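Subject: Predicted model for your review

Dear colleague,

Please find the structure below.

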Amino acid sequence: MILVSTPGTWEAGYWPLEHATWDGWTPTDLVFPFLLFAMGAAVPFAMARRRGTERRIRRHVIRRALILFALGLLLNAIETPPPLVWSTFRILGVLQRIALVYAAVAGLAERTSWRTQLAAAMSALVGYWVVMVIVPVPGAGRGVLTPERNLASFIDRALLGRHLAHGSWDPEGVLSTIPAIATALFGIFAGDWLNRPGATRHRTAALLVAGLGVAVLGLLWDQVFPINKSLWTSSFALLSGGLAAASLAACHWVLDVKRWRGWEGPFMAFGRNALVGYALSVGVDSLLTNWMVSADTSLKSAIYQYLFAERLASCCGAEAASLAYALTYVAVWGVVLGVMYRKRVFIGI
């Protein structure tokens, strides 16, 4: 996510590193659902470590969700160009959605059976589809799925007014968080499946097949309910959840079944301090963007122009220069997180 969120310039980029404009999807659109899926897969193990009394687990879940939500608000404040206008300050965001989804799936994982969780996931996806295409929106009618005239954006405006990312709609809105919960529940199912006793190879293969099958269902559902990350449509939840399950199966085969190790170090460094890496990288990028070194040039723009654009754009194109900046930025944080990993400094909440 650091790679796609911090290009040298938003004016030039390769399409796989950009979000789909509206309907459809790109590899970048899979990053957020993959993260929610991975979080879901980790929830049962995290709960097991703290299992003692129900009250203790509930207190931990609420505390963690509140801290995540607060960190999201802090990042919104840092990312907002000055001056900060409270009447339009964005309330929702990536970390806020993670907080809400985490609280929901942690509660379900601790208190319900897998059958109940499966029913909740299916109800969320089917129910979301039904209300989005059946419930009429004032001034728009029913079944409208444009950015400002769909049911989800209407509810967001009713609840949050102008405190939205794009003024009249938000890609991490309230109603669209419901199918995102199903994405994390898919992760719980996958994690539980791989952790069961039995033939590991067969379980890995079964997860791969199941994941690809779910992804195909998402592509089929796309014909009547378009794949759309901003709305987190049910078809998008199935596609991304299925591909995430297949990816987990592939990683499990390589790392745990075949034990092909030695290449995973950088991923371990980012993974063990994922929240720190994401929050600090976004925060520093926002500071560089908002720190003006002249009337019309930010510090980030000056660094990009001098070190990358002037040297690469003429020979390789603006897209290559922008990507080179993003890769360098990822590498810088890789060094920081790598040092933390080697020193066994892990920061969690």
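Which backbone oxygen does the side chain of S240 reach? The side chain of S240 reaches the backbone oxygen of F236, at 2.7 Å; a polar contact is a pair of N or O atoms within 3.5 Å, where within protein one must be able to donate a hydrogen and the other to accept it, and residues adjacent in sequence count only if both atoms are side-chain atoms.

This is a predicted model, in which local features need pLDDT of at least 70 and side-chain atom pairs count only at pLDDT 80 or more, while totals for chains, interfaces and linings use all residues. Residues are numbered from 1 along each chain as its sequence is written, and side-chain values use heavy atoms, with hydrogens and water left out.

Buried residues in helices

S240 is placed in helix α9; helices (H or I, at least four residues) are DSSP runs numbered from the N terminus. S240 counts as buried, at 0% relative accessibility; buried means under 20% relative accessible area, exposed over 50%, and partly exposed in between, with a 1.4 Å probe and protein chains only. Apart from neighbours within four places in sequence, S240 is in contact (heavy atoms within 4.5 Å) with L30, P33 and F34.

N76 belongs to helix α3, residues 54–79, and counts as buried at 7% relative accessibility. Neighbours within four places in sequence aside, N76 is in contact with F89, R90, I91, L92 and Q96.

The kink in α12

Helix α12 (residues 299–316) has a kink of about 55° centred on A309. The bend at a residue is the angle between axes fitted to the seven residues ending there and the seven starting there. A309 is buried, as are K300, Y304 and F308 in α12. An α-helix has 3.6 residues a turn, so residues three or four places apart point the same way. The cover over the buried residues of α12 includes α11 (274–290) and α13 (318–342). After α12 comes G317, with a positive phi near 100°.

Positive phi outside glycine

R259 is not a glycine, yet has a positive phi of about 55°. R259 sits in the loop between α9 (234–257) and α10 (265–272), and is exposed, with a relative accessible area of 56%. R344, also not a glycine, has a positive phi of about 60°. R344 lies in the segment after α13 and counts as exposed at 53% relative accessibility.

Cavity and pocket

On a 1 Å grid over the protein atoms alone, a cavity is a set of points where a 1.4 Å probe fits but cannot get out, and a pocket is an open set with protein on both sides within 12 Å along at least five of seven lines; lining residues have an atom within 4 Å of a point. Grid points are joined across faces, edges and corners, and a volume is the space filled by probe spheres set on the points.

The structure holds 1 cavity of 30 Å³ or more. The largest cavity contains about 60 Å³ of space, and its lining includes W22, P147, D156, W169 and D170.

The second largest pocket has a volume of about 480 Å³. Of the 19 residues lining this pocket, L118, F186, F189, A190 and A210 are the closest to its centre. The elements that give two or more residues to the lining are α5 (114–134), α7 (177–195), α8 (200–221) and α9.

Yours sincerely
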